[in-house]
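Trainee: Could you walk me through this model? I want to know what stands behind each label.

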Amino acid sequence: AILPRLHVLVLGPGMGRDPLVLDLAAEVINACRRRGLPLVVDADGLFLVAQHPNLVQDFPQLLLTPNIVEFRRIQQRVLEIAAPTTHETCSSGDGSEMDQLSSEVLQLSRLLGNVGIMLKGERDVISDGREVALSPRGGAPRRCGGIGDILAGSAAVFLHWASGQTGEHSAGEPGGATGDGVLSKTLLAPLAASFLVKQSAQVAFEEHRRSMMAPDILDALGGALQEAFPSQAPPRDPALFGGV
């Protein structure tokens with residue numbers, strides 16, 4: 001009764017790893033897939049994906065937001081399931097560390113059927129299985145608990161907004177853009193969210209310095225959003241405000 005009322009869902013933060021909760025979360029993922037509901041999986045939801053990667057296989061409206069440890073867990077499990085030859089599809093390590101990570105994120109996305117992946121780090125590495133993008137700004141000057149939750153929520157909002165602006169890829173469509181040259185939503189949404197949260201963290205740090213906490217980033221989010229993506233409020237309808 002709840003899912004039909006939602007535009008997008010974030011699964012994982014604060015969820016825990018109780019077996020009954022994980023079973024319910026798996027049902028939620030399947031229900032989102034059946035409805036075509038955009039889904040962002042973070043935190044303990046990624047633990048579930050590492051145990052059962054088939055839950056997110058070929059789910060085009062899905063975005064995973066792992067840190068490097070969570071990414072490695074999922075990667076290891078997927079490579080164990082995949083054919084042995086796929087172990088050699090990553091770069092040989094001759095390039096830079098960022099090039100290597102980009103190759104690995106692209107590979108994992110493809111192995112999962114082109115789901116969206118945002119590997120969080122000093123520079124976030126994002127892929128939709130067709131293209132790789134790097135966040136344009138460095139990490140927050142101070143890392144504090146809760147930033148990942150803010151990022152997941154912001155990505156969900158942008159994922160919903162992008163769903164109304166971009167087309168869908170066909171299974172064999174090359175390139176990370178839709179037919180009219182627009183980036184896919186699972187590439188565009190996390191890229192916008194990454195920029196927004198990093199900018200908000202910078203603003204919050206400038207005010208609070210080393211005492212900055214996650215709520216301070218939330219307080220800065222609105223102003224950073226307006227600065228990064230300017231918009232004008234629609235004219236007020238006098239009838240809604242008693243003629244004022």
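Mentor: Start with the whole chain. Buried residues make up 45% of its 244 residues. This is a predicted model, so local features need pLDDT of at least 70, side-chain atom pairs count only at pLDDT 80 or more, and totals for chains, interfaces and linings use all residues. Residues are numbered from 1 along each chain as its sequence is written, and side-chain values use heavy atoms, with hydrogens and water left out.

Trainee: Why is Ala156 called buried?

Mentor: Buried means under 20% relative accessible area, exposed means over 50%, and partly exposed is in between (1.4 Å probe, protein chains only). Ala156 has a relative accessible area of 3%, so it is buried. Its place is in helix α5.

Trainee: How much of the contact in the chain is between residues 24 or more positions apart?

Mentor: Such pairs account for 64% of the contacts with a separation of 6 or more.

Trainee: What makes the largest nonpolar core a core?

Mentor: A nonpolar core is a set of buried Ala, Val, Leu, Ile, Met, Phe, Trp, Tyr and Cys residues joined through side-chain atoms within 4.5 Å. The largest has 33 residues, and Leu39, Leu62 and Leu64 have the most contacts inside it. β1 (9-11), α1 (19-35), β2 (39-41), α2 (44-51), β3 (62-64), α3 (68-81), α4 (97-111) and β4 (116-119) each supply at least two residues. The largest share, six residues, comes from α1.

Trainee: What is Leu39 in contact with, beyond its neighbours within four places in sequence?

Mentor: Leu9, Leu11, Ile29, Cys32, Phe59, Gln61, Leu62, Leu63 and Leu159. There is also a second, separate core of 29 residues, which includes Ile150, Ala152, Phe158 and Leu221.

Trainee: Why is α2 called largely enclosed?

Mentor: Six of its eight residues are buried, so the rest of the structure largely encloses α2. The buried ones are Asp44, Gly45, Leu46, Leu48, Val49 and Ala50. Their cover includes β1, α1, β2, β3 and α3.

Trainee: Is Ser200 buried or exposed?

Mentor: Buried, because its relative accessibility is 0%. Ser200 sits in helix α6. Setting aside residues up to four places away in sequence, Ser200 touches Ile217, Ala220, Leu221 and Ala224.

Trainee: Why does Arg17 count as partly exposed?

Mentor: Its relative accessibility is 43%, so Arg17 falls in the middle class. Arg17 lies in the loop between β1 and α1. Apart from residues up to four places away in sequence, Arg17 touches Leu22, Asp44, Phe47 and Arg73.

Trainee: What makes Ala43 and Asp58 worth a comment on phi?

Mentor: Most residues other than glycine have a negative phi. Ala43 has a positive phi of about 50°, and Asp58 has a positive phi of about 60°. Neither residue is a glycine. Ala43 is in the loop between β2 and α2; Asp58 is in the loop between α2 and β3. Ala43, at 21% relative accessibility, counts as partly exposed. Asp58, at 47%, counts as partly exposed.

Trainee: Which residues are closest to the centre of the largest pocket?

Mentor: Asn67, Lys120, Gly121, Asp124 and Arg143, out of 29 lining residues. On a 1 Å grid over the protein atoms alone, a pocket is an open set of points where a 1.4 Å probe fits, with protein on both sides within 12 Å along at least five of seven lines; lining residues have an atom within 4 Å of a point. α3, α4, α5 and α6 (185-208) each give two or more residues to the lining.

Definitions and conventions: Helix = DSSP H or I, 4+ residues; strand = E, 2+ residues; numbered from the N terminus. Contact = heavy atoms within 4.5 Å.
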